[in-house]
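Hi there,

Could you take a look when you have a moment?

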Amino acid sequence: MGDIFTTISTFLIGLLTGLGVDPLLAHIIVAFLGAFLIANFVLLILIVNIWLERKVIGRMQDRIGPNRVGPWGIFQTIADLTKLVSKEIIIPSGADLVPFMAAPIVAVASVILVWAVMPLAKTAIGTDLNIGVLYMVAVSSLGIMSILLAGWSSNNKYALLGAFRAVAMLVSYEVPMILTLMVPVLLSGSMQMGKIVSDQQIWYGFSMPVAALIFYIALTAEIGRSPFDLLEAESEIVAGYHIEYSGFAFAIFYAAEWAHAFTVSALMAALFFGGWQGPFAETIPTLGIVYFMGKTFLIYFMSMWLRATLPRVRIDHTMSFCWKFLIPMSLILITLVVLVDKLAALAIGESYLDTTTMLAMTPRSLALLAVNLVTGAFAVWWIGVMGRRERERLAALEIKHVVIETSAAGQQAK
Amino acid sequence: MIPLHWYLLVAAGMFAFGVYGVLARRNAVAILMSIELMLNAVNLNLVAFWRYLAPTQLNGQAFAIFVFTVAAAEAAVGLALIISIYRNRETVIAEEINLMKW
Amino acid sequence: MSEWTFVALLAVISVALPAVPIVAGRLLGPRKPNKEKNATYECGVETVGDTWVQFKVQYYVFALVFLVFDIEVIFLYPWAVAYNQLTLFGVFAGIVFIVTLAEALVYAWRKGALEWV
Amino acid sequence: MAFTPVTFVFLLMSAFALGGSLGVVINRNLIHAAMFLMLALFGMAGLFILLEASFLAAVQILVYIGAISVLITITIMVTRRIMGTTESVNKQWPLAAIVAAMIAGTLGFVLLGRFQNVEPVGAVPDTYIAEMGKALVSHQGYLLPFEVASVLLLAALIGSIVVARE
């Protein structure tokens, strides 16, 4: 009933086998169609996303945004794309051709491959790997490789510098990402994305708000968005690792970045905000995809909002924030969570682990919420202490600076 | 299913390449990369034997996991040594690092 | 293993989708290279010396600390999957592991290895 | 033996693994050697998937390609100055080639003699990751190696920070 995905795939397989195709081959063909659809969906939705983001950010900054091509400028992205296609792909002298061309392809592939394990609805998931979460992290770590390749093969100082910086930053933020990603795995006792979503009768984002927040910050850094857009800080390293790319090769990098931004919103929705969960989504899977996309776009809107609001953080602050705040906090959080949760489970018994209904999940969620609030309060206090310490350090420097300046001025006067 | 000895032959080939690299390469980083190849070949052997001979036991996988850990630790310390030597002696060529050679 | 079929197919598609337009762009697009155009872009100034400027060791140190934390994934993820079935002792064993990792972080911090300078 | 898609994938991944290894040991340009290393590691991950060790495959990509290769690439870039101008192999390379060929020959001989026609004794249990997690923290399992591994990582970190920063 209402399960459009299973219906279509059984229909297609039936059709193909009816035509005399080998059943194995029929399955492969249907899987191929599904994969083709997903990959194209990820890339084509960018046309909407880019326009939407430019429009939204324009409005937030009291501008109109794209408004020339088509009604409300809706065809702006297509016009841009056409321009990029017709441009020459320049290979700079001294570039290493194969890695230079492979880098944007790896970048896009690493994003699209994440969607293989994304649960779009109860019955619509590419493939529910038993290591789904780990697969996702592994695949997105290939993106780091593509940046290193691009920076190295361009034979450009800025590109290399940008790549080094990007890699240092991305690997750093991968640590809190991996650590907080362990939380959904801990709670659902599985790395399967399908199981993690279907276990969320109460969303993990509600029972574990601090983990969700750390995860979201780490993801924002992973996609290189404001306030962490140091990967392409125009004023510092020109454009970063893709400075020498032009034409469609650049368009591919650009697409990879935007697709990544959309993908992490979807991940956030799936892992912490219940994915396809919603009223009647259990019985009508088609509804699930609507909920999932709705949540994804809401989170995506959040990241647009952040981008329009926040200025860029300095690179050393970015790194300290990761290593000296996010990682210690996630370690503390995980330690407390496993300890309190296990003690509570031993105290309450079997019913504690029940995830079938919202009511059954309430005790566990409350326990976890308490742990999270305590950790969150500690985190707020801690960041206050660190901020004060940094300000005092800077103030001390300022005084020294003034002293040197005055003594230099004194010498000049003589 | 793919026969077991195919995997073992691939592992043996990789191991031999690694041996050649360790013995013949001059650059210390290249030697380290060859060592990584040999460790990987060993891992492939472990996993292949696990799959064919003892899929219900955990030993094969567990051993492979510890090999991973040791490989990572080895790479970290080895590369740090190479960087340190480079800074002191301006070279990463294994033959030129002969201060301790009698 | 059959569940990986989809991943393999998606991998082929996700490589082909960007590769085809890039290759087509190279073949069909305009192609008029000249010395000026292909020169390294440095905001109009001619580039001086090798691209291979010396890099700081600090990049290595960050990658190193990252490596140590990345390895922990191998151990902690299976532990996390088994978590709901573990005894209190098992949970403590995992906590000891995490604390040892935290010690590594504290050491790197105190040594100033986490400073970006 | 029938030629199935699985055979094709196996051959492709073996080609990646072996070709990548060859590239690592003969390439003069170290950065290219590092890229070949990544190719070899990727092929290895594919072989792990064929062997139904999907957890190890993911770890292979995450740890080896995502961390160790990055570390190696950064080291090459940091120590680059005199690279590429010198010979890539030393004077004893013919001897090394002979030794390697002998090792390969001996291993191949032994393997072909002993391990042909081995049939898998059973299927991999679905819950093996959870089993692994339980074994890692139990007395009967790998509790001691598990804790020692964390100490090893701590020691490696301390050692390499001290060495790299003098």
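First, the conventions. This is a predicted model, in which local features need pLDDT of at least 70 and side-chain atom pairs count only at pLDDT 80 or more, while totals for chains, interfaces and linings use all residues. Residues are numbered from 1 along each chain as its sequence is written, and chains are lettered from A and ligands numbered from 1 in the order in which they are written.

**How the chains meet**

Two residues are in contact if their C-beta atoms, placed from the backbone, lie within 7 Å. Five pairs of chains touch, and the pair with the most contacts is B and D. There, 74 residues of chain D are in contact with 62 residues of chain B. On the chain D side, at least two residues each come from α1 (5-26), α2 (30-50), α3 (54-78), α4 (93-114), α5 (128-136) and α6 (143-164); helices and strands here are DSSP runs numbered from the N terminus (helices H or I, at least four residues; strands E, at least two). The most is given by α4(D), with 12 residues. By class, this side of chain D has 57 nonpolar, 14 polar and three charged residues. Nonpolar covers Ala, Val, Leu, Ile, Met, Phe, Trp, Tyr, Cys and Pro, charged covers Asp, Glu, Lys and Arg, and the others, Gly among them, count as polar.

Chains A and C also meet: 69 residues of chain A are in contact with 52 residues of chain C. The elements of chain A that each supply at least two residues to this side are α2 (23-60), α4, α6 (157-188), α11 (247-272) and α13 (315-348). The largest share, 14 residues, comes from α13(A). This side of chain A divides into 50 nonpolar, 11 polar and eight charged residues.

Chains A and B, on the other hand, do not touch, and their nearest C-alpha atoms are 15 Å apart.

**Chain D on its own**

Chain D has six helices and zero strands. Its C-alpha trace spans about 55 × 45 × 30 Å along the principal axes. The radius of gyration of chain D is 20 Å, whereas a compact globule of 166 residues would have one near 15 Å; the radius is taken over C-alpha atoms, and the globule rule is 2.2 Å times the number of residues to the power 0.38. Of the 166 residues in chain D, 48% are buried, where buried takes 20 or more other C-beta atoms within 10 Å of a residue's own, the C-beta atoms being placed from the backbone.

Chain A is divided into domain 1 (1-82) and domain 2 (87-321), with bounds from an automatic or database domain assignment. Their C-alpha centres lie 19 Å apart. The contact takes 22 residues from domain 1 of chain A and 18 residues from domain 2 of chain A.

Helix α4(A) is mostly covered, with 15 of its 18 residues buried. Shortly before the proline Pro104(A), α4(A) has a kink of about 30° at Ala103(A), the bend being the angle between axes fitted to the seven residues ending there and the seven starting there.

Best wishes

Definitions and conventions: Buried ≥ 20, exposed ≤ 12 C-beta atoms within 10 Å, placed from the backbone.
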